[in-house]
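Please look over the sequence and the model shown below. The paragraphs after it go from the whole chain to single residues.

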Amino acid sequence: MEPTPDPQEIRELKAFVPARDYELSKRFYQAIGFQLQSDGSDVSLFQRGGATFLLQNFYVETHASNFMMHLLVENVDAWHEALVAAKVVEQFGVSLLPIETQPWGMRDFVLTDPSGVLWRIAEQIDAR
């Protein structure tokens with residue numbers, strides 16, 4: 001007997017990431033390895049592997065500067081090295097901090113996008 005489908009099953013969850021300069025932000029996200037899946041005048045879909053988000057042509061400084069995304073990756077060192085090699089700090093005027101080991105069992109670093117959105121990119125490690 002087949003299980004009864006859950007009518008409230010969640011199929012997907014995407015964040016709407018704000019952009020002060022929509023075209024610059026689209027270039028930034030492509031430079032860090034996301035693929036532009038659809039490009040609208042006010043909303044664009046980005047994807048890399050199983051991660052997707054919507055970039056929106058909308059900006060309020062207090063919203064953007066308090067907006068955070070968390071990206072869990074397989075190898076945080078490889079991600080950090082790729083961002084350094086891509087020269088995203090120099091090219092886009094963003095912030096890229098060093099990798100740190102966190103007490104909650106992750107190694108991570110912080111990357112801000114051109115609008116001030118904070119991305120915490122992390123790798124799971126054994127909690128000590």
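The protein exposes about 8100 Å², and carbon and sulfur atoms supply 51% of that area. Accessible areas here come from the Shrake-Rupley method with a 1.4 Å probe, and for residues only the protein chains shown count as cover. This is a predicted model, in which local features need pLDDT of at least 70 and side-chain atom pairs count only at pLDDT 80 or more, while totals for chains, interfaces and linings use all residues. Residues are numbered from 1 along each chain as its sequence is written, and side-chain values use heavy atoms, with hydrogens and water left out.

The C-alpha atoms fill a box of roughly 60 × 45 × 25 Å, taken along the principal axes. Of the 128 residues of the protein, 37% count as buried. Buried means under 20% relative accessible area, exposed means over 50%, and partly exposed lies in between (1.4 Å probe, protein chains only). Among contacts between residues at least 6 apart in sequence, 50% join residues at least 24 apart; a contact means heavy atoms within 4.5 Å.

The secondary structure comes to four helices and eight strands. Helices (H or I, at least four residues) and strands (E, at least two) are DSSP runs, numbered from the N terminus. Read along the sequence, the pattern is β-α-β-β-β-α-β-α-α-β-β-β.

Four of the strands form an open sheet in the order E1-E4-E3-E2, with mixed pairing. Two strands pair if DSSP finds at least two bridges between them. The edge strands are E1 and E2 (35–39), each of which pairs on one side only. From one strand to the next, the twist averages 30 degrees; axes for such angles are lines fitted to C-alpha atoms, for helices over the stretch in contact, and the angles run from 0 to 180 degrees between N-to-C directions. Inside the sheet, strand E3 (residues 43–48) and strand E4 (residues 51–56) run antiparallel and are joined by six bridges. Take Leu 45 as an example: its bridge partner in E4 is Leu 54.

Where does Ser 25 sit? Ser 25 is found in helix H1, and it counts as buried because its relative accessible area is 0%. Leaving aside neighbours within four places in sequence, Ser 25 is in contact with Ala 19, Leu 55, Pro 114 and Ser 115.

Next come the charged side chains. Side chains of opposite charge can pair when their charged atoms come close. A salt bridge is a side-chain nitrogen of Lys or Arg within 4 Å of a carboxyl oxygen of Asp or Glu, and the structure holds five of them.

Asp 39 and Lys 26 meet in a salt bridge at 2.8 Å, N to O. This second pair links distant parts of the chain, with Asp 39 in strand E2 and Lys 26 in helix H1, 13 residues apart. Lys 26 is buried, because its relative accessibility is 5%. Glu 23 counts as partly exposed at 43%, and Asp 39 is also partly exposed, at 49%.

Another salt bridge joins Glu 12 and Lys 14, whose closest N and O atoms are 2.3 Å apart. Glu 12 counts as exposed because its relative accessibility is 53%, whereas Lys 14 has a relative accessible area of 27% and so is partly exposed.

Is Gln 8 buried or exposed? With a relative accessible area of 69%, Gln 8 is exposed. Gln 8 is found in the segment before strand E1 (16–18). Gln 8 and Glu 23 are 15 residues apart in sequence and 36 Å apart in space, C-alpha to C-alpha.

The last stop is a backbone angle. Most residues other than glycine have a negative phi, and most peptide bonds are trans. Lys 87 is not a glycine, yet it has a positive phi of about 55 degrees. Lys 87 is found in the loop between helix H3 (76–85) and helix H4 (88–92).
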